[in-house]
Structures are given as structure tokens and as C-alpha cells.
Amino acid sequence: MDITVLDGYYYTKEHEWARIEGTTATVGITDYAQQKLGDITYVDPPAIGNELKQFEFLTGIESVKAASDIYSPISGKIAAYNSALDENPELVNKSCYTDGWIVQVEISDPSEIKNLMDAAAYRSYAAGLE
Amino acid sequence: MQPLRARFVPYRCASGFENMAADEYLISCYQRYRVPVLRIYGWDPPSISLGRYQKAACLHVDACRSDSVNIVRRVTGGGAIFHFSEVTYSLAVGERDLGKGAVSIKDSFGILNGFIIEAYHMLGLDASYAKDSAVRGAAAGSSQPFCFAGNEEFDILIRGKKIGGNAQRRTEGVIFQHGSIPLTIDADRIMRYFRGTIDFDNFTCLEELLSRKVPPYDVIKVLPKAFSAVMKYECHEKDFSPSEKKDITFIMKNRYRADSWMKDRRGYAHEERQAGLAQ
């Protein structure tokens with residue numbers, strides 16, 4: 001399966017990405033994940049201010065009659081949600097690394113970044129799954 | 001080589017709330033023992049199940065209430081179903097049971113719905129996937145508030161009409177799927193409970209296809225056989241123990257009978273933590 005992996009992003013084994021800028025992480029799902037999920041019909045908007053723990057449940061997403069979980073790459077507080085997904089959840093399919101971002105998180109523990117994969121490690125991990 | 005083992009929870013009728021709690025319990029059961037679980041059940045009283053993120057606005061809620069039709073929210077995606085005269089199955093397996101890596105949603109429906117197709121074959125019916133059907137395959141890919149009226153690639157068609165419906169929940173490497181096998185369709189009641197136009201020519205039921213009354217037992221007896229034949233698991237019957245029934249009752253009271261679960265979905269993660277039911 002051909003997938004796009006962007007340099008400069010961090011990745012999880014559950015196929016989420018995080019783009020870190022200062023103390024904020026913008027979070028979404030990877031090209032691998034969106035291809036496996038298929039046509040996304042709904043992203044459940046999480047409450048702003050919710051506290052997240054690294055690798056624990058962030059929110060739910062629906063595609064092709066399946067309700068799946070998205071996990072948070074990093075601990076912190078939800079600072080923003082991409083409300084464009086309310087009307088256009090397909091942005092996650094069309095533009096998973098940019099317009100299809102899901103939340104922004106105020107990072108509570110920057111040392112957790114070491115638990116994430118860089119682009120090279122994630123490319124290798126995803127290739128090993130096929 | 002020893003055949004792979006799966007647990008089979010035998011047929012029983014229960015309320016929609018209990019059925020959904022028992023289905024959710026299967027997920028934790030798989031997480032604990034790593035053994036696939038197949039369950040077959042019926043609905044008493046009749047109920048309507050909504051998809052996990054579906055709005056109840058598609059229903060005439062007052063009409064449901066006046067007829068004592070319970071409305072429950074599933075843990076799975078997809079559209080609403082009126083569970084009246086049907087046999088329902090549920091299944092929890094691991095992603096690793098289906099393949100090496102992450103199995104796509106479509107592929108997993110393709111694999112898991114295979115045993116339902118085999119069950120229809122055992123009943124003497126020529127069932128196939130919508131994507132393979134000359135009649136409706138080209139139109140596959142539409143969803144509807146009323147599940148049976150939708151049409152996805154891996155929906156099952158017989159004589160060009162959709163039969164039943166299937167939906168999934170994915171969590172922590174577990175694939176949970178449940179689905180309906182309709183014995184009859186009560187168009188009058190469906191029109192009474194669902195808003196909007198439903199094209200009844202698009203879907204069918206066993207009674208129409210077999211031109212006879214079909215008792216639930218006819219389906220109940222073929223489902224475990226079809227599962228074993230297609231999925232290559234040996235089914236070992238084991239009903240819920242008293243301790244498991246306690247767990248199911250807990251889930252039922254705290255989630256499926258809770259107003260917070262029934263209301264249209266928003267801020268789910270927060271509610272789930274509040275209920276202490278996070279998986």
C-alpha cells in the first residue's frame with residue numbers, strides 16, 4: 001500500500017500524527033489510517049478543555065458503518081477542534097496531514113515526545129504491517 | 001493441527017438494552033481471553049437501534065413510545081434498524097485474527113460477512129456482496145438513516161435486494177461486528193417509526209425469499225455451522241456465567257439505560273470517563 005508520511009511530524013503505532021510547535025501539538029490520523037478506514041462520515045467533536053493521556057482515547061470516528069477510536073499521541077489539554085470536520089469529515093480522507101487535522105493539544109509533558117516515532121521509523125513500521 | 005477455538009453464546013431473546021450491553025461485554029471478553037466470540041440473539045420487546053453517532057431525529061419517537069418500542073443506541077456505526085422479527089448475531093475477533101497488519105474496514109466486512117453469505121447459502125439462497133452484484137453493484141456506496149435501505153460494497157444482496165445489515169466497532173485491536181438477519185419486514189410499523197421516504201423495493205427478508213414462514217430456529221442452527229466452515233473456528237457453546245451476567249447488567253444500567261448515552265452524540269469521551277466505562 002502506497003502511503004504518504006511527512007517528515008517533521010511524529011507518529012504513533014495506532015497511526016496518529018502530531019506536529020509539534022512550541023507547547024502545542026496539532027493532531028490527526030495518518031494516510032495509512034485514513035486509507036484503512038475508508039470514507040469517513042463523522043468525527044465526534046471532543047470537548048475543548050478535556051484532559052488527554054498519551055496513547056489513550058481521544059475521540060471517535062465513523063467510516064463505512066464502523067465506529068473506530070482515535071488515540072492521543074501526547075498528554076495534555078484539548079485547546080482546539082477542527083470544526084470544519086463537522087460539515088466536511090471527508091477532509092480527513094482528502095488532506096489528512098493539513099486541512100484534516102482533528103485537535104490541537106496543549107502539551108503537558110514534552111518528555112513524552114520521545115515515545116513517538118519520527119517519519120523514518122513510522123515508514124518502516126507501516127511497511128512492516130503489509 | 002488443533003482447530004482454532006471460538007466461544008459460541010447460544011440464542012436467547014432479551015431487551016435492546018440488555019442485548020447491547022451483552023454485545024459490548026463480548027469486546028472485553030475477547031480482550032481478556034483472546035478467543036473469538038460469536039453470539040446469536042433475538043429482541044423482546046421489539047426495539048430500534050440507532051448507530052453510535054446517529055441522530056434520533058430520523059425517528060418518530062412518540063410513536064415508538066406509544067407502541068412500547070425501546071430505542072437503544074449501539075456501540076457500532078451505521079444506520080437505524082427496527083429489530084422485530086429477525087435473528088441477530090454479534091462477533092468479537094482480533095484484527096490479528098484476520099491478517100498481519102491493520103485490516104481495512106472494507107476488507108474486514110468482506111471477510112466477516114462471508115459467514116453470513118454462507119449461512120444464506122445453507123438456507124438455499126444465492127447471496128453475494130453488493131460489489132459483485134450485476135444488479136446493484138454499480139450503485140454501491142450510499143448510506144441511509146434506515147440501515148436496510150443503504151447500500152455499501154460489502155452489503156449482502158439476494159436477487160438484487162439487500163438483506164439485513166452489519167455494523168462494526170473498532171477499539172484497541174478488537175473488531176466487533178453485529179448484524180441482522182430479517183425473517184419478516186413489517187413495512188407499516190417501519191413507516192410509523194421512521195421519518196422520510198423508505199424504498200421498500202430495495203431490501204428483502206427470508207420470508208419473501210423462501211415463500212414461507214421462517215422460524216428463528218432455521219437461522220439459528222445454520223449460523224454457527226457457517227461460521228465454523230468459513231472462519232475455520234470450532235465453536236464451543238458456553239452461555240454467560242452468573243458473574244458475566246452481573247457485568248452485563250452493570251454495563252446495561254450505566255451505559256445503555258443512561259440518558260447521557262442515548263442523547264445525540266457530543267463530547268463522548270468526557271461522558272465515557274464520567275460513567276467509568278472507558279474501554
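## Where chain A meets chain B

The contact between the two chains draws on 24 residues of chain A and 26 residues of chain B. Keep in mind that you are looking at a predicted model.

**The chain A side of the contact**

- Helix 1 (31–37), strand 4 (40–43), strand 6 (57–63) and strand 7 (66–71) of chain A each give two or more residues to the side that touches chain B.
- Strand 6 of chain A provides the largest share of that side, with six residues.

- Strand 7 of chain A runs parallel to strand 10 (residues 165–171) of chain B, and three bridges join them.
- To find this pairing in the structure, look for Ser68(A), which stands opposite Arg170(B) in strand 10 of chain B.
- As a reminder, strands of a sheet pair through backbone hydrogen bonds, and the pairing can be parallel or antiparallel.

**The open sheet in chain A**

- Chain A has an open sheet of six strands, in the order 1-2-3-9-8-5, with antiparallel pairing.
- Strand 1 (10–11) and strand 5 (51–52) of chain A stand at the edges with a single partner strand each, so one side of each has no neighbour in the sheet.
- Within chain A, strand 8 (residues 76–81) and strand 9 (residues 103–107) run antiparallel and are joined by five bridges.
- Which residue of strand 9 of chain A stands opposite Ala80(A)? That residue is Gln104(A).

Conventions
Residues are numbered from 1 along each chain as its sequence is written. Chains are lettered from A and ligands numbered from 1 in the order in which they are written. This is a predicted model: local features need pLDDT of at least 70, side-chain atom pairs count only at pLDDT 80 or more; totals for chains, interfaces and linings use all residues. Two strands pair if DSSP finds at least two bridges between them. Helices (H or I, at least four residues) and strands (E, at least two) are DSSP runs, numbered from the N terminus. Two residues are in contact if their C-beta atoms, placed from the backbone, lie within 7 Å.
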